[in-house]
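Subject: Structure handover

Hello,

Here is the structure for your files. My notes on it follow below.

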Amino acid sequence: MAFVSGLGFGIGSRRSAQVRDRGRARMAYQPPGARDLAKALCGHWSNRDQAWENSAIWAHIHQFHVPIPDGVVDGIGILSESFYDYNYGSKEPYLTFITGFTEHEDGYVVGRKYKLEQPVEFRSATRNRELLELIKPNSVVKLESEESLNCASHWTYDFGSKTWRGGTRPGRKCIVVREGTETFLDGNYELGEKKLITMDVGRDFETEEIVWGSVGGPFDFDKVESFADLVVEPSPERELSAP
């Protein structure tokens, strides 16, 4: 009996150890999430090669994506600014917005868009760290929850190509009115280590034909410089206190 009892406890110990090891392995492996997406996106991007190959269709554009201080928006906030090359030196962006990246329980990353209350005050903040640090929660216009979700982007990571793939939320619910015509936003994005491909168009609800946007196809950006190191890692205390 003593031998059998000892054998039983031995099996139990080995099984417990195996369960613990599997648990540790699951804890050690974290699938790519919002922070990884932010690191991949943050940087200086340019479509110079695309513009030079066909300047009749493509303008030369610089995009800057940098993280903003914690707590300004839900999730990891990224300030994005786009500049035409011809006025790149004047540091006057033609497009500015903030995206808050959060993780959905179904495994994808959600990107909600926000606007700055006074964008002129933070002009070129992506290229001015001191100005960037001045962005506070009251600097941002926060849309109503349902509206922000309707126009949110959904991102998943493709392990085979090591690429993030994103697009507008399914359902044609992000409504954009251009010149009196009601359209729905159809966005598709592909983000790799050195490549960013984006295409945003507005489609007619009935015909689904393109009403506005990039009729020549997607923008093709190359990474000029990475700002991944600006994306702050969470402190151990914050991770332990997270729900």
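Asp 70 sits in the loop that connects β2 and β3 (helices, H or I of at least four residues, and strands, E of at least two, are DSSP runs numbered from the N terminus). Asp 70 is exposed, its relative accessible area being 57% (exposed is over 50%, buried under 20%, partly exposed in between; 1.4 Å probe, protein chains only). Its C-alpha atom is separated by 9.1 Å from that of Lys 136, 66 residues apart along the chain.

This is a predicted model, in which local features need pLDDT of at least 70 and side-chain atom pairs count only at pLDDT 80 or more, while totals for chains, interfaces and linings use all residues. Residues are numbered from 1 along each chain as its sequence is written, and side-chain values use heavy atoms, with hydrogens and water left out.

In helix α2 (residues 34–41), the buried residues are Ala 34, Leu 37, Ala 38, Ala 40 and Leu 41. Down the axis of α2 they fall within an arc of 160°, so they line one face of the helix (the arc is that of the directions from the helix axis to the C-beta atoms).

The largest nonpolar core has 36 residues, of which Leu 79, Ile 135 and Leu 191 touch the most other members (a core is a set of buried Ala, Val, Leu, Ile, Met, Phe, Trp, Tyr and Cys residues joined through side-chain atoms within 4.5 Å). The most residues in this core, five, come from α2. Beyond its neighbours within four places in sequence, Leu 191 is in contact (heavy atoms within 4.5 Å) with residues including Leu 37, Ala 40 and Leu 41.

Regards
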